[in-house]
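Welcome! Please open the structure in your viewer and get ready to select a few side chains.

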Amino acid sequence: MSLRGAALADRLIRTLPASSPTLFNPWTSRCLHDLETQAPAYRRARLAAHLDCDARLILVGEAVGYQGGRYSGIAFTSERLLGEGRIPRIEPTARLTRRALPFSEPSATIVWRELEQLGLHAHTVLWNALPLHPYRGDRPWSNRTPTKAELALGRVAMRILGEAYPGAVIVAVGRHSQTLLGDVLERGVPGVRHPAYGGASEFARGLRAVLGVT
């Protein structure tokens, strides 16, 4: 596997802090709801496979969510999508959690559907401005808006990711992501509406506009 695979995943993960009472690092920590005891290693392997491509597009969200990256290890990717074999470069995955049904993140489904329609699903890397899961206290199955200090934890990783794919178009998904990326990359970064809360159509239109696709 090339630098854009295992080595790149390792570089990115090493920039991040370990888990804390309100931030979860999915590549170094095991959640009590993980089905496998080696879950962090499996998440690192999935991330490495995801990064092993010649990316033409990098989509960057705000933070890891409990229905998605906390268990999948990849931004905008859910347990259900992995099980269905919908994620390029990753073989269909068995159950990841002890939950009765696989986690299905609505935003992840919308993003991958649009990438498939654009023919970019095999050439896109997904990431988060904060590559950790911010949650509320002792409620791991919750999400919260990250603080400015927490968002700053992802600055070095974002810089490394941008340098690894110099020819890729970087698009921020959501305003917090756009603000951080502009600061880190020291240039304007196009942004699109987050697909959550009824934003699916606006997300699709915005992404097509940025890419010049009609």
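This tour visits aromatic rings, then a charged side chain beside some of them.

Keep in mind that you are looking at a predicted model. A search of the whole structure turns up four aromatic pairs.

**First stop: W27 and W127.** Select both and show their side chains. The two rings are stacked, with 5.8 Å centre to centre and 5° between the planes. Now colour by secondary structure: W27 is in the loop between strand 1 (23-24) and helix 2 (39-51), while W127 belongs to strand 3 (residues 124-130), so this pair ties together parts that are 100 residues apart in sequence.

**Next stop: Y66 and F103.** Here the ring centres are 5.8 Å apart and the planes meet at 85°, so the pair counts as edge-to-face. Follow the chain between them: Y66 sits in the loop between strand 2 (57-63) and helix 3 (69-72), and F103 in the loop between helix 4 (79-83) and helix 5 (106-118), 37 residues apart. Both Y66 and F103 are buried.

**Widen the selection.** Together with Y66 and F103, they form one aromatic cluster.

**Last stop: R70.** Which ring does the charged end of R70 sit over, 3.9 Å from its centre? Select F24, and you have found that ring.

Notes: Residues numbered from 1 in each chain as written. Predicted model: local features only at pLDDT ≥ 70, side-chain atom pairs only at ≥ 80, totals over all residues. Heavy atoms only, no water. Phe/Tyr/Trp six-rings, centres within 6.5 Å; stacked < 30°, edge-to-face > 60°. Helix = DSSP H or I, 4+ residues; strand = E, 2+ residues; numbered from the N terminus. Buried < 20%, exposed > 50% of the residue type's maximum accessible area, 1.4 Å probe, protein only. Lys NZ or Arg CZ within 6 Å of the ring centre and 35° of its normal.
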